[in-house]
Amino acid sequence: MNKKIFAILILTLAVASCSSVSPGGYYWGKYSYTYHDLVKNPSDDSRAKHQATLRNIISESNELNLRVPPGIHAELGNLLAFDQQNEAAIAEFNKEMTLYPESKVFIERLLSGVTQGGKK
């Protein structure tokens, strides 16, 4: 009996340690892997994979009833602006400002680059 309880405890700890939810309560998914790939090997493919990861982080955070980590909407907005998807980028920047009002000055600077057609 004790072996079963011990085995269940070890299995539970193993599963919990593989979780992508940080101690701060944010879901990060595969962020570090795709971001690293984007930085080391910038390409359309690595940018698309990182964008998919950012979208996954947003959807998983919502499903898990967690707050989207700081900067995720802004980073997604920046990638969208890079791809000339300005309306979608502006929407993501506004979501970032709504979730994290302290980012307002920074986000407004990013927004001005998108609305004026300049590079950030």
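The model is predicted, so local features need pLDDT of at least 70 and side-chain atom pairs count only at pLDDT 80 or more, while totals for chains, interfaces and linings use all residues. Residues are numbered from 1 along each chain as its sequence is written, and side-chain values use heavy atoms, with hydrogens and water left out.

Start with the whole chain. Its secondary structure comes to six helices and zero strands. Helices (H or I, at least four residues) and strands (E, at least two) are DSSP runs, numbered from the N terminus. Of the 120 residues in the chain, 32% are buried. Buried means under 20% relative accessible area, exposed over 50%, and partly exposed in between (1.4 Å probe, protein chains only).

Now turn to helix α5, residues 86–99. It has 14 residues and reaches 20 Å from its first C-alpha to its last, close to the 20 Å expected at 1.5 Å a residue. That expected span is 1.5 Å times one less than the number of residues. The buried residues of α5 are A89, E92, F93, E96 and M97. They cover an arc of only 140° around the axis, which puts them on the same side of α5. The arc is that of the directions from the helix axis to the C-beta atoms. An α-helix has 3.6 residues a turn, so residues three or four places apart point the same way. The face turned away from the buried side of α5 carries the exposed residues E87 and T98.

What does the buried side meet? The buried residues of α5 pack against α3 (44–63), α4 (72–82) and α6 (104–115). Contact means heavy atoms within 4.5 Å. The axes of α5 and α6 come within 10 Å and cross at roughly 170°. Axes are lines fitted to C-alpha atoms, for helices over the stretch in contact, and angles run from 0 to 180 degrees between N-to-C directions. The two helices α5 and α6 are therefore roughly antiparallel, a term for angles over 145 degrees.

F93 leads on to the core. Of the 20 residues in the largest nonpolar core, L54, I72, F93 and I107 touch the most other members. Such a core is a set of buried Ala, Val, Leu, Ile, Met, Phe, Trp, Tyr and Cys residues joined through side-chain atoms within 4.5 Å. The largest share of this core, six residues, comes from α4.

Conventions:
Parallel < 35°, antiparallel > 145°, perpendicular 65-115°, else oblique.
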